[in-house]
Amino acid sequence: MRQRLAVGNWKMHGSLPENQALLDKVAVTAGGLSRAIAVVCVPFPYLAQARSALAGSKAASGGQNVSQYPKGAFTGEVSAGMLREFGCRYVIVGHSERRQFFGEDDATVALKARAVLAEGMIPIVCVGETLAERERGITEEVVGRQLGVVADRLGAEGLKASVLAYEPVWAIGTGKTATAEQAQAVHAYLRGVLAARDESIAASMSILYGGSVKAANATELFGMRDVDGGLIGGASLVAEEFLAICRAADG
Ligand code: PEP
């Protein structure tokens, strides 16, 4: 069965008091959800705070990035084992900001996803095209390639334990949301790519949409056949917005 999810990506935002107020509300709202899981992916220094604020609740915490290496002389990096120790259940890999600003390529994203799985957590693998790529009509080629590299590296078992997020780069943080039909078309394509490898993986894979999701558009987006919830940036920092989006993911 496809897990419904509302995943907040706080990016590099937050402070101890602001976080506490938000996390306390997420913990309460998560308890009222019947089929969706609320997840908050916080900056590394706040993982301990998220773990303790969400302890005993139905909400989960996650990381926004991870090293592809398990340990060693990699100054500034954080391993999957460290994230697990701090209570992460999910880890975002391949976010377009990592690809764009930190030079992460498809092969690195695949290694990161594997590192997350090796520690028993769930990678949320992001794929998405730029505006120029959409305008050139190569959206499917781009997201198909991004997914293909990860799928090859993870194999069927790893893929089955992963979550996919379609995030058109032109819609992230821009206020320009893909229409529900645009999102559905790419989600259906991605599910088809998965089905060509393994029908059962395609049937069970959660595919989230991300890109300027708000309370006002979440219900329509999440109501599409192949959309199983969202990856939410800006709106996940505003309690009423994020909680309404969680409820929309719950259906
Ligand atoms: C994101 O951070 O993955 C994202 C989709 O951001 P926003 O919701 O702000 O577009």
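Helix 2 (residues 47-54) has its buried residues covered by helix 1 (16-31), strand 2 (36-41), strand 3, helix 3 (80-85) and strand 4, among others, with contact taken as heavy atoms within 4.5 Å. Helices (H or I, at least four residues) and strands (E, at least two) are DSSP runs, numbered from the N terminus. The buried set in helix 2 is Leu47, Gln49, Ala50, Ala53 and Leu54. These residues sit on the same side of helix 2, because they cover an arc of only 160° around the axis, the arc being that of the directions from the helix axis to the C-beta atoms. Buried here stands for under 20% relative accessible area, exposed for over 50% and partly exposed for in between (1.4 Å probe, protein chains only). Just past helix 2 comes Gly56, with a positive phi of about 80°.

The model is predicted, so local features need pLDDT of at least 70 and side-chain atom pairs pLDDT 80 or more, while totals for chains, interfaces and linings use all residues. Residues count from 1 along each chain as its sequence is written, and side-chain values use heavy atoms, leaving out hydrogens and water.

As for the sheet, eight strands close into a barrel in the order 1-2-3-4-5-6-7-8, with parallel pairing (at least two DSSP bridges between two strands). From one strand to the next, the twist averages 30°; axes are lines fitted to C-alpha atoms, for helices over the stretch in contact, and angles run from 0 to 180 degrees between N-to-C directions. Strand 3 (residues 60-63) and strand 4 (residues 88-93) run parallel, joined by three bridges, and Gly62 faces Tyr90 of strand 4.
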